[in-house]
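Hi everyone, thanks for making time this morning. Let me put the sequence and the structure up on the screen, and then we can walk through them together.

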Amino acid sequence: MPSAQRPPAGDPSPSGPVRSIDESVEAIQAIDGVTARIARANDGSRGYLSVNVELDEAFTAEVAAGDGETRDAALLDFVLGQVWSQGEESPEQYVTLGVTGAGRDQAAVTAALAQIGVSAIPYSGQSVSLKLADLESRYGSWPGAVPELPATFGGTG
C-alpha cells in the first residue's frame, strides 16, 4: 500500500520536487472539454482523495486510435496517473472518483476503469471508490511518475 505520509514540502523525490495538486489539475484540464478537481476529504476518521471530473460536449466517447481503448478509459487512466503523481496530499485510505456530464454515469465510469484494470466500488451518487492496491499496481508507489498526455488527446504519450 502507498505510504500514508506525504513527502516533506519541497524535498526532492526521485522525480524532483513534490508535485502539487494544482499542477495535476492543470495537466488534466489541458484536455478539451475536461474540468477537474482534486481535494483531500475525510469520512470521519479516515482521510482520502476526492477526484471530480466534469465533461462537456467538447469531449466525446469516440474510440481511441490504435489500441481499442475508449477515450473514456484513456482519459481516466491519465486522470488517475495525474492524481497519483502529485505528492501534496496522500490518498491514505482510498480515492473516490466522480465523472459527470456528457452522458456519463457510475456504470460507464466502472466499465472504463475495468478497461485499465482498476476496480470500482459504488460510493455515493455518481462517484466510485477505488482501491489503493489497484492504483499502486497500475501507477507504482505513491507518489508516482508524471504521465505524458496521451496521443489520443494531442500529446506524445
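So, how many helices and strands does the protein have? There are four helices and five strands. Please keep in mind that this is a predicted model. Reading from the N terminus, the elements come in the order α-β-β-α-β-α-β-β-α.

Now the overall numbers. The protein has 157 residues, and 45% of them count as buried. Its accessible surface is about 7600 Å², with 48% of that belonging to carbon and sulfur atoms. If you take the contacts with a separation of 6 or more, 64% are between residues 24 or more positions apart.

On to the aromatic rings. With ring centres required to lie within 6.5 Å, the count is four aromatic pairs. Let's look at Tyr94 and Tyr123: their ring centres are 6.0 Å apart and the planes meet at 50°, so this pair is tilted. Where do the two residues lie? Tyr94 is in the loop between α2 (71-85) and β3 (95-100), while Tyr123 is in strand β4 (residues 120-124), so the pair ties together parts that are 29 residues apart in sequence.

Are these two buried or partly exposed? Tyr94 has 9% relative accessibility and counts as buried, whereas Tyr123, at 36%, counts as partly exposed. Tyr48 joins in as well: ring pairs link Tyr48, Tyr94 and Tyr123 into a cluster.

One last stop, at another ring. The charged end of Arg71 sits over the ring of Phe59, at 4.7 Å from the ring centre.

Definitions and conventions
Residues numbered from 1 in each chain as written. Predicted model: local features only at pLDDT ≥ 70, side-chain atom pairs only at ≥ 80, totals over all residues. Heavy atoms only, no water. Phe/Tyr/Trp six-rings, centres within 6.5 Å; stacked < 30°, edge-to-face > 60°. Buried < 20%, exposed > 50% of the residue type's maximum accessible area, 1.4 Å probe, protein only. Lys NZ or Arg CZ within 6 Å of the ring centre and 35° of its normal. Contact = heavy atoms within 4.5 Å. Areas by Shrake-Rupley, 256 points an atom, 1.4 Å probe, with all protein chains shown as cover.
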